[in-house]
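The following paragraphs lead the reader through selected local features of a structure. Please keep the sequence and the model in view while reading.

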Amino acid sequence: MAVTVKTFASSNEAATALSSDRTARYLGGGTLVMRALNEGDVSISTVVRANDQALTRIDASGPRITLGAGITFARILSERDLAFLHAPARSIGGPAVRNMGTVGGNLFAPNPYGDFAVALLALDATVAVQGGFGSRDIAIEEFLQSRERQSGALVLSVSCTRPASADAFRYRKVARIKPKGGSVITLAAHLPISGGRIAGARIALGSMAPTQIRAKAAERALEGRTLDAATIAAAASAVTEGTSPSNNALGSAWYRREIVGVHLRRLLSGQE
Amino acid sequence: MSKTPLQFRHNGRDVAIFVDGGTNLLVALRELIGDMTPKFGCGQGGCGTCSVLIDGELHLSCLTLAETVAGRSVETLDGMKQGPNLHPLQRAFADAFAAQCGYCTPGMLMAARALLDRNPSPSRAEVVEAISGNICRCTGYESIINAILAASGGRASA
């Protein structure tokens with residue numbers, strides 16, 4: 001079925017068009033919306049696009065970085081200043097998907113995708129969205145929990161604070177096919193250190209619930225401690241608390257619960 | 001519903017067509033321009049057989065809204081050979097038995113070209129990474145990887 005394509009010069013106009021039409025979807029890189037159209041998704045009758053330069057802007061000069069929603073994973077991989085995000089960007093798709101898929105779109109990617117959003121969740125990112133009545137910043141955790149209701153809003157950018165060191169941010173995607181494949185589970189950990197102890201631990205998981213989630217029991221096990229074997233074991237044994245994984249072709253819910261602690265232990269221990 | 005006029009460069013030649021809203025680039029290339037080299041595989045971004053170059057960058061034509069290539073350059077396998085001569089990558093695929101049923105071959109060749117255009121002497125690991133979005137179900141990846149490495153050697157010494 002043919003759809004109406006509306007292309008706007010500014011994200012403002014695109015956001016207005018998006019918020020006023022329940023059958024409209026925003027087209028970023030195409031890997032989600034074009035797939036839905038190819039599968040005959042009749043809930044989409046309007047496709048909205050914006051050629052706004054602001055959507056493809058990167059500000060990575062200071063401690064706080066901002067990525068326009070239209071930034072592709074290939075672009076992230078080409079930016080030396082974004083080295084801490086290279087592992088999650090590289091874990092997505094093959095080269096063609098990385099040339100197309102965007103940071104903003106990944107926030108809406110359902111399981112077993114959405115790996116970049118796992119990294120952003122561990123980094124406590126902020127999502128700037130524009131609705132029909134103006135823009136606002138939303139904590140990524142809140143955004144992900146309510147993303148089914150966010151389809152009428154346009155994501156403008158995502159911001160997060162750069163980790164203090166390469167060791168403070170860790171990422172691991174478990175896939176059956178390497179180097180490309182859907183996620184069995186995805187893990188990201190941000191472990192800021194203050195006075196030799198972990199302060200503000202964040203552990204984020206993909207494919208362990210309907211959306212990306214934080215493993216708050218594991219975070220509590222790490223908070224205020226040094227990263228020794230006992231602390232890592234405590235975090236690993238607590239990591240399944242609050243998770244609700246599903247069965248899919250890549251793995252069963254049981255399997256995911258069994259292995260998530262093993263992979264968290266390896267991630268925190270610095271093992272390959 | 002009205003059609004949208006669309007102009008772009010297709011293998012170095014200007015083309016002008018009318019597309020329905022939501023038409024993907026693969027359908028535009030095959031059904032409106034008659035270039036049958038990019039194939040339809042999954043329609044989901046999982047197989048890579050519809051791969052084309054847009055402004056020199058590897059893209060999946062089935063996930064590309066046709067209208068987004070207005071004014072841009074689209075290259076497909078159809079434009080790869082030079083007159084009667086096969087491109088070195090095509091010659092290497094033939095010599096290394098890197099095509100059995102041939103359905104993945106157009107996408108493999110475009111992914112390989114995207115790699116060699118940027119990196120004329122890739123390592124084996126870089127070749128594996130470059131074709132990681134392209135699925136082959138019958139030839140086997142080893143002969144494809146060997147063909148790309150052979151072609152890169154040929155280009156490097158040329």
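**Backbone features and a helix**

With 29 C-beta neighbours inside 10 Å, A:Ser207 counts as buried. A residue is called buried if 20 or more other C-beta atoms lie within 10 Å of its own, exposed if 12 or fewer, and partly exposed in between, with C-beta atoms placed from the backbone. A:Ser207 sits in the loop between β13 (202-206) and β14 (213-214) of chain A; helices (H or I, at least four residues) and strands (E, at least two) are DSSP runs, numbered from the N terminus. The phi of A:Ser207 is near 65°, a positive value in a residue other than glycine.

The model is predicted: local features need pLDDT of at least 70, side-chain atom pairs count only at pLDDT 80 or more, and totals for chains, interfaces and linings use all residues. Residues are numbered from 1 along each chain as its sequence is written, while chains are lettered from A and ligands numbered from 1 in the order in which they are written.

Also in chain A, the loop between α6 (103-106) and α7 (115-122) contains A:Pro112. The peptide bond that joins A:Asn111 to A:Pro112 is cis, with omega near 5°.

In chain B, the loop between β1 (4-10) and β2 (13-19) holds B:Asn11. This residue, which is not glycine, has a positive phi near 50°, and B:Asn11 is partly exposed, with 18 other C-beta atoms within 10 Å.

Helix α2 of chain B spans residues 88-95, and B:Leu89, B:Gln90, B:Ala92 and B:Phe93 in it are buried. These four lie on the same side of α2(B) because they cover an arc of only 160° around the axis, the arc being that of the directions from the helix axis to the C-beta atoms. On the other side of α2(B), B:Ala94 and B:Asp95 are exposed.
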